Amino acid sequence: MSRQVSCRFKSCKNLAEDQIDGSVGTGNKGVRVTKVDWQQSKNAAAHHTQDYPGPELVIRRGQLFSLTLDLSGVLDSEEALIFTVETGPHASEALHTKAIFQTAELEIGDTWTAAKEEQTENTITVSLASPSNAVIGRYLLSARASSRRKHSDRKLGQFILLFNPWCPEDDVFLDSEEERQEYVLNDSGIIFRGVEKHIRAQGWNYGQFEEDILNICLSILDRSPRHQDDPATDVSHRHDPVYVTRIISAMVNSNNDRGVVQGQWQGKYGGGTSPLNWRGSVAILQKWFKSRYKPVKYGQCWVFAGVMCTVLRCLGIATRVVSNFNSAHDTDGNLSVDKYVDSYGRTLEDLTEDSMWNFHVWNESWFARQDLGPSYNGWQVLDATPQEESEGMFQCGPASVTAIREGDVHLAHDGPFVFAEVNADYITWLWHEDQRRERVYSDTKKIGRCISTKAVGSDSRVDITGLYKYPEGSRKERQVYSKAVKKLLSIEAWGRRRRIRRAGGVRGVWRDDLLEPATKPSITGKFKVLEPPVLGQDLKLALCLTSLTARAQRVRVNLSGATILYTRKPVAEILRESHTVKLGPQEEKKIPVTISYSQYKEDLTEDKKILLAAMCLVSKGEKLLVEKDITLEDFITIKVLGPAVVGVAVAVEVLVINPLSESVKDCTLMVEGSGLLQGQLSIEVPSLQPQERALIQFNITPSKSGPRQLQVDLVSSQFPDVKGFVIINVATAK
């Protein structure tokens, strides 16, 4: 197995101080390079890389950078300096992983170039430029004077070359400085979770500029199966953001390749960390690296997306985190999520293969699609959560967001799966004891709601559903849906021949061809929350039923409730009861529903979610299913007590409350924030009486200026974590 380039040479910082000892080129005439100044500050500022910690120079492709060389003598004006750059094992000019070039007229184009800028007696400053499509990664730079023989090159040291969203010729170019600041340089962000009607913001520390993170991100590329199988060819493809992002989407999960994060959706996290306990990517990436690439336990979709955002921003690709509420997982590719329930509306898991998650989180990255054409440039969906295999690997994307909106699901990569996540119909079937199934009337258009991401320059939520699909039910939306169905039926969309299953198990036909819609019942129903659903308190709701006819009718209502994971997988039943309601003409009636804390406290998961269902059986055989997803609320506030200045301690005050009607012990505050404190801070909280509030103070000393995110979690074994965050604007010391 080939060694990484990073292991073979000294760093730039060490080599910059070395002097030639005469062993290189002894006995040859001509000027020798004796020392190099990498002009770290100047180059880093010009390339927007000053936040990466040393010692290596970090630059971006398609842009000039400068070096100052000390020479053993005066370089003749006619004499050139010859440079060699190489990256990866078995570097070669044929693979574009090696280039040999000399000082001449400087041009930024398809090749590496260099030019003399300023020369004194024994010192020369040169400018170098890489092509805008250069392979990214760690390079070795060597140099010699043209008067010296070949193979007498002076190894100057290493530098790291990244993608360049500031360069118009780079495929990752993003023509907005505000967006570049947000999607490339911002080292913290917000991930939206919860349910469609109650979306909550969670802070996330991307930390792409923290110690060792850039080196770890390059290691992720080197650990991929593609690199292990053919390292030279793999490195040669790293000029292409389509290739690099697809590799990263596979490597962030551990399913095929000992990647970074191991997923777990069963609510059992023994031997690892609960996904909800992570506050950012840094600890995850560092743990993976320090354990010699042992997958980190455990992650769920927002963890995979947070880590992937860190890696891609670190490599220079503009990336954001996107949340899709009511997200379909369509296992058979028929654009239908088929849910089977019993007479109480409870999910029959042994029959239900598809699923609709309360939310699902993925990434979008911005780059051109040279493989598809300019119409599909822009945001591209990437999903590191291991759900379905693609080309034999658990990877997803990049899929053009434009292609998804226009129904061009035949285009690379994984368009059918992403299209279904935001467009599939939600079909409910009542399963009878005699193994008959019956279509139940329910909201079929609930998939793909409130697709959300963090706003540029603020903590607001931006709804980007319109980027993924036309308005639900519009003529254009129906046209796109039909277009997608035709392309999926052409078979090529999946890249292999397969039979596509109709909803309910009939193979070879689509539900749109034969499936009759459910009869619309003569009543409507919805759950109404009477009091805010707060963790530790009783839940009080009402099921509101309204008759739509001029005649009286009787309705049998079977109610059920269960604690669930965010994937809507049931954990434990906490409610089951039946009611008979007589509705007069056009009459509305309310059925009170109360779930005490004692009913749900033992089975509530860290997701803090409960699903209520009401199967309404109307006379004449009409059936209506009403569902309500509830996320329990919690409480924490964070206040900074004074101005925040780099290098100056400032106090932070956190107000917490025991949400339970019983005493709690062994609570801990976990604090994290890039540029605000080193690593994580753990603070013990005194025992709290029922509903007791407590103020906790601690100090932080910011190390970086600008807007910084401080995350504070209240952790207890007696209730799920209570999460909070605040943005602190840190000023530069005067």
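Mentor: Contact here means that heavy atoms lie within 4.5 Å. Keep in mind that this is a predicted model. With that cut-off, and leaving aside residues up to four places away in sequence, Ile248 touches Ile220, Leu221, Met308, Val311 and Leu312.

Trainee: Which residues have the most contacts inside the largest nonpolar core?

Mentor: They are Ile248, Trp302, Val307 and Tyr468, in a core that has 96 residues. Helix α9, which spans residues 301–315, supplies the largest share of this core, with 12 residues. There is also a second, separate core of 58 residues, and Leu539, Leu575, Leu624 and Val730 are included in it.

Trainee: How should I read a sheet, and what is the order of the strands in the open sheet of four?

Mentor: In general, the strands of a sheet pair through backbone hydrogen bonds, either parallel or antiparallel. Here the order is β26-β25-β28-β29, and the pairing is antiparallel. Because β26 (570–583) and β29 (623–631) stand at the edges with a single partner strand each, one side of each is left without a neighbour in the sheet. From one strand to the next the twist averages 15 degrees. Looking at one pair in detail, strand β25 (residues 553–564) is joined to β26 by 12 bridges, and Ile564 has Pro570 in β26 as its bridge partner.

Trainee: Which strands are joined to β19 by bridges?

Mentor: Strand β15 (residues 336–341) runs parallel to β19 and is joined to it by six bridges, with Lys339 paired to Thr428 of β19. Strand β20 (residues 437–440) runs antiparallel to β19, and four bridges join the two; in that pair, Leu430 stands opposite Glu438. β19 and β20 form a hairpin with five residues between them, and in the turn Gln435 has a positive phi of about 70 degrees.

Trainee: Is Asn334 buried or exposed?

Mentor: The cut-off for buried is under 20% relative accessible area, so Asn334, at 1% relative accessibility, counts as buried. Asn334 sits in the loop between β14 (319–329) and β15, and its side chain reaches the backbone nitrogen of Ser336 at 3.1 Å. Asn334 and Pro416 are 82 residues apart along the chain, and their C-alpha atoms are separated by 9.3 Å.

Trainee: Where is Asn43, and which residues does Asn43 touch?

Mentor: Asn43 lies in helix α2 (residues 40–47) and, at 3% relative accessibility, counts as buried. Its side chain reaches the backbone oxygen of Trp38 at 2.7 Å. Not counting residues up to four places away in sequence, Asn43 touches Trp38, Thr49, Leu57, Ile59, Phe65 and Ser66.

Definitions and conventions. Residues are numbered from 1 along each chain as its sequence is written. This is a predicted model: local features need pLDDT of at least 70, side-chain atom pairs count only at pLDDT 80 or more; totals for chains, interfaces and linings use all residues. Side-chain values use heavy atoms; hydrogens and water are left out. Two strands pair if DSSP finds at least two bridges between them. Axes are lines fitted to C-alpha atoms, for helices over the stretch in contact, and angles run from 0 to 180 degrees between N-to-C directions. A nonpolar core is a set of buried Ala, Val, Leu, Ile, Met, Phe, Trp, Tyr and Cys residues joined through side-chain atoms within 4.5 Å. Buried means under 20% relative accessible area, exposed over 50%, partly exposed in between (1.4 Å probe, protein chains only). A polar contact is a pair of N or O atoms within 3.5 Å; within protein, one must be able to donate a hydrogen and the other to accept it, and residues adjacent in sequence count only if both atoms are side-chain atoms.
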